[in-house]
Amino acid sequence: MDIVLLVAMAALLVFMFWSSRRRAKRMKDEQEAKARAMLPGVKVLLQGGLYGTLVEYDGEDLSKSARVELAPGMEVEVHSQAILRVVDETEETLTEDEYLEAEADQAEYAADVADGEVTSISDDRAAADTATDKTEPGDKPQA
């Protein structure tokens, strides 16, 4: 019984050591990738939720401050580790086709509201429920 407990404890220690090493390596790789992406001119997100354009950043010496331009002509000096991540400009953009489709859907909805066909989302759901439920109270279920 004692040997089983010793083996289990040794296995747990090996797992904890292996897990912490793997986590440390992953964090180091993420920091290196972030440092490579931190070039002047990229859009960044700061820890406080502000977006800006990176003006100056020293990836080698993180004790130096970084400069971020929040608006044209307005630069702020922040701690270099206050930069949360580089923002990918393409992930937040809408294509022209997506915009036109959304605009057409909104215009169709507005026309339906104006005609009195739609009054609210809850009315739409209630109408859909009654349309699918066409059984009379005295009807027997059919097999």
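Predicted model: local features only at pLDDT ≥ 70, side-chain atom pairs only at ≥ 80, totals over all residues.

Trainee: Is lysine 64 buried, exposed or partly exposed? And what about aspartate 58?

Mentor: Lysine 64 is partly exposed, at a relative accessible area of 46%. Aspartate 58 also falls in the partly exposed class, at 24%.

Trainee: Why would two such side chains pair up at all?

Mentor: Side chains of opposite charge can pair when their charged atoms come close.

Trainee: How many salt bridges does the structure hold?

Mentor: Four. One of them links aspartate 29 to lysine 25, with the closest N and O atoms 3.2 Å apart.

Trainee: How far apart are aspartate 29 and lysine 25 along helix α1?

Mentor: They are four residues apart in α1, so about one helical turn separates them. Lysine 25 is exposed, with a relative accessible area of 55%, while aspartate 29 is partly exposed at 36%.

Trainee: What does arginine 67 form a salt bridge with?

Mentor: Glutamate 75, and the closest N and O atoms there are 3.5 Å apart. Through shared partners, salt bridges tie Glu56, Arg67 and Glu75 into one network. As for accessibility, arginine 67 is partly exposed at 31%, and glutamate 75 is partly exposed at 41%.

Trainee: OK, zooming out. How many helices and strands does the protein chain have?

Mentor: Three helices and five strands. Starting at the N terminus, the order is α-β-β-β-β-β-α-α.

Trainee: How do β1 and β2 pair?

Mentor: Antiparallel, over three bridges. Within that pairing, lysine 43 has threonine 53 of β2 as its bridge partner.

Trainee: And which residue takes a positive phi in the hairpin of β1 and β2?

Mentor: Glycine 49, with phi near 95°. That hairpin has four residues between the strands.

Trainee: What about β2 and β3, how many bridges there?

Mentor: Three, and those strands run antiparallel. Leucine 54 stands opposite valine 68 of β3.

Trainee: How many bridges join β3 to β4?

Mentor: Six, again with the strands antiparallel. Alanine 71 stands opposite methionine 74 in β4. The hairpin of β3 and β4 has two residues between the strands, and glycine 73 has a positive phi near 85° there.

Trainee: Switching to the inside. Which residues make up the largest nonpolar core?

Mentor: There are nine: Met38, Val44, Leu46, Leu54, Tyr57, Ala66, Val68, Val78 and Ile83. The elements that give two or more residues to this core are β1 and β3.

Trainee: Pick one of them for me. Is valine 44 buried or exposed?

Mentor: Valine 44 is in strand β1. Its relative accessibility is 0%, so valine 44 counts as buried.

Trainee: What does valine 44 touch, beyond its sequence neighbours?

Mentor: Setting aside residues up to four places away, valine 44 touches a list that includes Met38, Leu54, Val68 and Ile83. Also among them are Arg85, Val86 and Val87. Then there's leucine 84: valine 44 is 40 residues from leucine 84 in sequence, yet their C-alpha atoms are 7.4 Å apart in space.

Trainee: And what is leucine 54 in contact with?

Mentor: Leaving out neighbours within four places in sequence, the contacts of leucine 54 include Val44, Val68 and Ile83. Arg67 is one of the contacts too, and that's the arginine 67 that forms the salt bridge with glutamate 75.

Trainee: What share of the protein chain is buried, then?

Mentor: Buried residues are 10% of its 143 residues. The accessible surface of the chain is about 11,800 Å², and carbon and sulfur atoms account for 57% of that.

Trainee: Which residues make the nonpolar surface patch?

Mentor: Leu6, Met9, Leu13, Phe15, Met16 and Trp18, and the patch covers about 690 Å². Methionine 9 lies in helix α1, residues 2–37, and is partly exposed at 48%.

Trainee: Last one. What fraction of the contacts between residues at least 6 apart join residues at least 24 apart?

Mentor: That comes to 32% in the protein chain.

How values were computed:
Residues numbered from 1 in each chain as written. Heavy atoms only, no water. Core = buried A, V, L, I, M, F, W, Y, C linked by side-chain atoms within 4.5 Å. Buried < 20%, exposed > 50% of the residue type's maximum accessible area, 1.4 Å probe, protein only. Contact = heavy atoms within 4.5 Å. Patch = residues over 30% accessible without salt bridge, like charges linked within 9 Å, V, L, I, M, F, W, Y side chains within 5 Å. Areas by Shrake-Rupley, 256 points an atom, 1.4 Å probe, with all protein chains shown as cover. Salt bridge = Lys/Arg side-chain N within 4 Å of Asp/Glu carboxyl O. Pairing = 2+ DSSP bridges.
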